[in-house]
Protein chains: 2
Amino acid sequence: MTQTRETLSFKPGEVILYPGVPGPRDRVYRVLEGLVRLEAVDEEGNALTLRLVRPGGYFGEEALSGTERTYFAEAVTEVAVEALPKEPRPEELLDLVAHLAQALSESYRRIERLATQRLKNRMAAALLELAETPLAREEEEGLVLRATHDELAAAVGSVRETVTKVIGELVREGYIRSGYGKILLKDVKGLKELAQSRGEGR
Amino acid sequence: MTQTRETLSFKPGEVILYPGVPGPRDRVYRVLEGLVRLEAVDEEGNALTLRLVRPGGYFGEEALSGTERTYFAEAVTEVAVEALPKEPRPEELLDLVAHLAQALSESYRRIERLATQRLKNRMAAALLELAETPLAREEEEGLVLRATHDELAAAVGSVRETVTKVIGELVREGYIRSGYGKILLKDVKGLKELAQSRGEGR
């Protein structure tokens, strides 16, 4: 990484990119620190998480394709990003290609989950995905996740009321403990099994 | 395009790539002619279309990222592809980046549809997407699509029985005509409206 590149910083909740057709000043961004969430928001304000971008990952790739951006890119934690130059070097392009291929692959898995898994199983997968972001912290009692039910609804493509019910089930069945915007992952192995199975019905 | 590059040809139904971790001989492919379908298949044999790749598009990008491939790439029509060299030129990489960004953007839309739209509305969107592939042909009576109910089920992430019901509804409501693996898009404008709305409930 070149030291002369500009680094931009954002606070939790700040919007980094808005939906729209990318203009000539738009850039592709690389996350240096923190967590960025790409999310679509419908007319009623329901959010749907499309992708989480961790350090080393990129977003805003529409600047290179000209495709209309349909999502908000939002800082979930304190975030630092750097802008890629208009004409990236070949090794930067290769790194970007690898990241986009990985992102596509994650999208495919999300499509599969939405098409075939029950909400409870998708929720287990979402909790495990979030557990690998800066939102999770190893505490005395175990792995603790900071996430509201609204955020979990966006992660699984559902609404808060339904999510609250499913979280209640997972608590009763001993997979997690929940309270005050925090979720303790009590049984990671069990969650992994849930995340890998389809659940009853289709 | 350089004339010395190797072109590979496939017949309808032939598998071009199998699921698995890409090996050192794996390449990224660019579609020159025809239609390639990327699809996941579960243990019960249910297929789910993840992406359609048209001429000018790429697939097999895991060769550059090392990500495990979870799908089959299958020739839907007669297909011709060329393999990208191990070390693509910068302009080829830029073209690949633009295509992957576009593919990601299409995935996001698919995720949104699965999370928020009713099956009938998703079906309208799938029919319109297929109408822009070599599976569609302008005939005397209008735009005709060659697609079985199994293929439509894979396109919307459902199963054949349910799809047959929804196709029946669309026929009764005058949007399409259906028979012998062919679908006539009678009311493209109406289908577009359906594809853009959510449908009742969530």
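These exercises work through the domain contact, the chain interface and selected salt bridges of a predicted model.

Residues are numbered from 1 along each chain as written, with chains lettered from A and ligands numbered from 1 in the order of writing. Local features need pLDDT of at least 70, side-chain atom pairs count only at pLDDT 80 or more, totals for chains, interfaces and linings use all residues, and side-chain values use heavy atoms, with hydrogens and water left out.

**Exercise 1. Describe how domain 1 and domain 2 of chain A meet.**

Step 1. Count contacts (heavy atoms within 4.5 Å). On each side, 15 residues take part.

Step 2. Get the area. Buried area is the accessible area (1.4 Å probe) that two parts lose on being put together, summed over both. Here it is about 1,300 Å², with 58% from carbon and sulfur atoms. In domain 1 of chain A, Leu52(A), Arg54(A) and Arg113(A) lose the most, together 36% of what that side buries.

Step 3. List the polar links. The rule for a salt bridge is a side-chain nitrogen of Lys or Arg within 4 Å of a carboxyl oxygen of Asp or Glu. Two salt bridges cross this interface. Four residue pairs are in polar contact, both at pLDDT 80 or more. A polar contact is a pair of N or O atoms within 3.5 Å; within protein, one must be able to donate a hydrogen and the other to accept it, and residues adjacent in sequence count only if both atoms are side-chain atoms.

Step 4. Assign elements. Helices (H or I, at least four residues) and strands (E, at least two) are DSSP runs, numbered from the N terminus. Strand E4 (36–41), strand E5 (47–53) and helix H2 (90–116) of chain A each supply at least two residues of the domain 1 side. E5(A) gives the largest share, four residues.

**Exercise 2. How much area do chain A and chain B bury, and which element of chain A gives the largest share of residues?**

Step 1. Chain A and chain B bury about 3,500 Å², 69% of it on carbon and sulfur atoms. 39 residues of chain A touch 39 residues of chain B.

Step 2. Four salt bridges are counted between the chains. Asp42(A) and Arg198(B) meet in a salt bridge at 2.4 Å, N to O.

Step 3. H2(A) gives the largest share of the chain A side, 19 residues.

**Exercise 3. Is Arg110(B) buried or exposed?**

Step 1. Apply the cut-offs: buried is under 20% relative accessible area, exposed over 50%, partly exposed in between (1.4 Å probe, protein chains only).

Step 2. Arg110(B) has 14%, so the residue is buried.

Step 3. Arg110(B) is in helix H2 (residues 90–116) of chain B. Its contacts include Ile111(A) and Glu129(B).

**Exercise 4. Which parts of chain A does the salt bridge of Lys120(A) and Glu169(A) tie together?**

Step 1. The closest N and O atoms of the pair are 3.6 Å apart.

Step 2. Lys120(A) lies in helix H3 (residues 119–130) and Glu169(A) in helix H5 (residues 160–172), so the pair ties together parts 49 residues apart in sequence.

Step 3. Glu169(A) is partly exposed, at 25% relative accessibility.

How values were computed:
Lists of a residue's contacts leave out its neighbours within four places in sequence.
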